[in-house]
Amino acid sequence: MQKFKQFNLEHNIPIMPDKTIDFLYHIFDKYQIAQVLEIGTAYGYSSRYLARHPSISKIITLENDTERFGIAKEYMKGETKIFPVNISAFDYEPKQDFDCIIIDGPKSHQDVLFNKFSKHLKPNGFIFIDDINLFQHTDKEMTKNRIKLKARVAEFKKYLEGLSGSWYVEIHDIDDGFAILRRKDENLS
């Protein structure tokens, strides 16, 4: 996995940072996650990393970009738990519910993705939303587009915090931050 991680970094492909993906992996331990929907494959680093978890039986991962999808599919040859789909998350209609939904796709439309896919969360499952503190810890130049995107993500974060009546919402300030959401109306331990 280290070589594959390096390959992604050399090609400027965004991947989940180590602390974030390790945190998610350990949540899989706690909840014995079996079926995952991942929105945002890129080259497939996180899918391949998470598929190593012993409780995982299936990861459906969505990538809209055809070139990235082709590279991901090549690197996923032989992976029996990962099912990459070349489609926009906005067009994808799940045929099942999931134990975990990972939203790591278009940051400017996280609200749309959350509202669409939260309906496909199994009881006692959770939604993981990456980059909830986007550009908080960066040395990148803050262009107009990045400033606009950062504001949009901050607005979405406030939206999530406002869901506390019906969802357990945890915001973690690790790497670029992430949110974990679980429904309150379920018997969670």
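**Note on the salt bridges of this model**

1. Arg-152 is partly exposed, its relative accessible area being 28%. Through salt bridges with shared partners, Arg-152 belongs to one network with Asp-111 and Glu-155. This and everything below refers to a predicted model.

2. Glu-155 counts as exposed, at 52% relative accessibility.

3. Asp-18 and Lys-5 form another salt bridge, with 2.7 Å between the closest N and O atoms. Since Asp-18 belongs to helix H2 (residues 18–31) and Lys-5 to helix H1 (residues 2–10), the pair ties together parts that are 13 residues apart in sequence. Asp-18 is partly exposed, with a relative accessible area of 37%, whereas Lys-5 counts as buried at 13% relative accessibility.

4. A salt bridge also links the side chains of Arg-48 and Glu-79, at 3.3 Å from N to O. Arg-48 is in helix H3 (residues 45–51) and Glu-79 is in the loop between helix H4 (66–75) and strand E3 (82–86), so this pair ties together parts that are 31 residues apart in sequence. Here Arg-48 counts as buried, at 17% relative accessibility, while Glu-79 is partly exposed, with a relative accessible area of 29%.

5. As for the overall tally, the count of salt bridges in the model comes to 8.

Technical notes:
Residues numbered from 1 in each chain as written. Predicted model: local features only at pLDDT ≥ 70, side-chain atom pairs only at ≥ 80, totals over all residues. Heavy atoms only, no water. Salt bridge = Lys/Arg side-chain N within 4 Å of Asp/Glu carboxyl O. Helix = DSSP H or I, 4+ residues; strand = E, 2+ residues; numbered from the N terminus. Buried < 20%, exposed > 50% of the residue type's maximum accessible area, 1.4 Å probe, protein only.
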